[in-house]
Amino acid sequence: MNDPYLAYLVAQDEQQRISGGVTRLAGRPLAADEVAIDLVYSSLNYKDALALTQRGKILRRLPLVPGIDGAGRVRASRDSRFRPGDAVLVTGCGLGEERDGGFSERLTVAGAGVIPLPPGLSLREAMILGTAGFSAALALQRLQDNHLRPDQGPVLVTGASGGVGGLAIALLKRAGYRVTAFTHRRQHADYLRTLGADEILVADAVPLGTRPLESARWAAAIDTLGGETLAWLTRTVMPWGSIACIGLAAGSELHTTVMPFILRGISLLGVSSANCPLPWRQVLWQRLAQEWKPPSLESLVGKTIGLESLFATAEDLLAGRLHGRVLVRLAADQPPPAGRAAGDLGDAIQSP
Ligand SMILES: NC(=O)c1ccc[n+]([C@@H]2O[C@H](COP(=O)([O-])OP(=O)(O)OC[C@H]3O[C@@H](n4cnc5c(N)ncnc54)[C@H](OP(=O)(O)O)[C@@H]3O)[C@@H](O)[C@H]2O)c1
């Protein structure tokens with residue numbers, strides 16, 4: 001358990017300068033209910049890019065290993081639900097914010113946040129989805145819980161070329177919806193169609209208007225941008241439609257009026273993936289592995305990198321030079337030997 005492993009560590013020096021790099025860390029004994037995971041993949045999300053470049057206050061303490069996602073195989077467990085060799089994933093739950101996260105060969109976490117890899121997903125697919133796919137699924141679930149059905153009209157997705165946006169398009173399409181992609185980058189039109197977009201709106205050709213109510217066009221929307229775009233959505237969603245508010249890639253403010261709410265009955269639904277309760281997580285990961293699993297998952301991979309490329313790739317992501325998902329490859333997957341159940345590899349509860 002205590003043998004060393006590689007991780008990307010962000011630390012502060014005596015002059016208060018913050019920097020990050022790949023470092024060898026020592027393993028530690030497991031506390032009660034903890035699980036140690038040999039990670040195979042992580043992914044780079046918008047929040048991770050803010051953490052790596054220090055452009056957002058994401059890391060709550062230093063030194064810390066960033067990375068809000070991880071998928072791999074259980075190395076040892078003091079949570080009786082897991083056995084060595086089990087394939088698992090973790091997203092959010094304070095990873096890469098309050099506790100060491102997924103940009104590491106090893107992840108040690110409380111078992112309460114660990115999800116057994118559902119049948120139908122590989123470790124790689126779990127991280128193509130990652131927090132981005134999970135958030136898109138949570139958004140779709142919230143829209144459906146608020147009575148959205150495919151026959152009500154098109155669903156608009158903003159930030160379409162990004163991780164959450166692309167996965168929202170793919171999930172909606174798989175679930176039978178007509179999807180309109182809203183993008184600032186015309187050059188990604190073919191990619192967006194491959195994911196399932198029926199119509200593409202290029203931002204600079206869309207007048208946002210200023211009236212409290214504009215023509216109602218969308219049965220619902222999944223918004224990753226915030227700011228003016230989200231305000232425009234409140235003015236253009238159809239009566240009784242909903243907007244799932246996920247992100248702030250274009251701004252954290254929202255200036256609108258009460259008119260869409262009191263004259264059209266629209267709903268603004270929050271999506272917070274990091275602290276989503278475990279029972280919802282389990283249901284949504286099952287859906288992502290089965291009925292909502294996009295057929296085009298691999299086409300969402302914009303780039304696969306190693307730990308050493310994290311910082312430069314984070315800069316590229318924030319500068320809008322990437323599209324789709326960035327996978328972080330940490331090791332080769334080593335499944336349990338054929339014919340042996342994962343649990344046969346060792347004790348259910350392995351002491352450190
Ligand atoms: N609430 C949650 O639980 C949760 C979970 C995951 C992510 N998020 C948030 O969701 C947002 C998207 O995350 P992501 O991982 O998908 O990021 P991403 O991969 O970088 O995608 C963001 C997309 O937004 C558009 N965009 C970026 N900067 C913009 C700007 N300044 N103005 C207008 N459009 C811009 C771009 O798409 P186009 O070029 O196609 O327009 C870009 O591809 C972030 O704010 C992130 O923090 C929230």
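Author: Contact here means heavy atoms within 4.5 Å. The model is a predicted one.

Reader: Which residues does Pro212 touch, not counting residues up to four places away in sequence?

Author: Pro212 belongs to the loop between β10 (199-202) and β11 (218-223). Leaving aside residues up to four places away in sequence, the residues that Pro212 touches are Arg235, Thr257, Met259 and Pro260.

Reader: How far apart in space are Pro212 and Thr256, C-alpha to C-alpha?

Author: In sequence, Pro212 and Thr256 are separated by 44 residues. In space, their C-alpha to C-alpha distance is 7.3 Å.

Reader: Why is Pro212 classed as partly exposed?

Author: Buried requires under 20% relative accessible area and exposed requires over 50%, with partly exposed in between. Pro212 is therefore partly exposed, since its relative accessible area is 39%.

Reader: What area is buried between domain 1 and domain 2?

Author: Domain 1 comprises 5-120 + 293-345, and domain 2 comprises 132-270. Their C-alpha centres lie 29 Å apart, and 16 residues of domain 1 are in contact with 17 residues of domain 2. Carbon and sulfur atoms give 62% of the buried area, which is about 1200 Å².

Reader: Which residues of domain 1 lose the most area to domain 2?

Author: Three residues together account for 36% of what the domain 1 side buries. They are Tyr46, Leu300 and His323.

Reader: How many residue pairs are in polar contact between domain 1 and domain 2?

Author: The side of domain 1 that touches domain 2 has 6 nonpolar, 7 polar and 3 charged residues. Between the two domains the count of salt bridges is 0. For residue pairs in polar contact, both at pLDDT 80 or more, the count is 4.

Technical notes
Residues are numbered from 1 along each chain as its sequence is written. This is a predicted model: local features need pLDDT of at least 70, side-chain atom pairs count only at pLDDT 80 or more; totals for chains, interfaces and linings use all residues. Side-chain values use heavy atoms; hydrogens and water are left out. Domain bounds come from an automatic or database domain assignment. Buried area is the accessible area (1.4 Å probe) that two parts lose on being put together, summed over both. A salt bridge is a side-chain nitrogen of Lys or Arg within 4 Å of a carboxyl oxygen of Asp or Glu. A polar contact is a pair of N or O atoms within 3.5 Å; within protein, one must be able to donate a hydrogen and the other to accept it, and residues adjacent in sequence count only if both atoms are side-chain atoms. Ala, Val, Leu, Ile, Met, Phe, Trp, Tyr, Cys and Pro count as nonpolar, Asp, Glu, Lys and Arg as charged, and the others, Gly among them, as polar. Helices (H or I, at least four residues) and strands (E, at least two) are DSSP runs, numbered from the N terminus. Buried means under 20% relative accessible area, exposed over 50%, partly exposed in between (1.4 Å probe, protein chains only).
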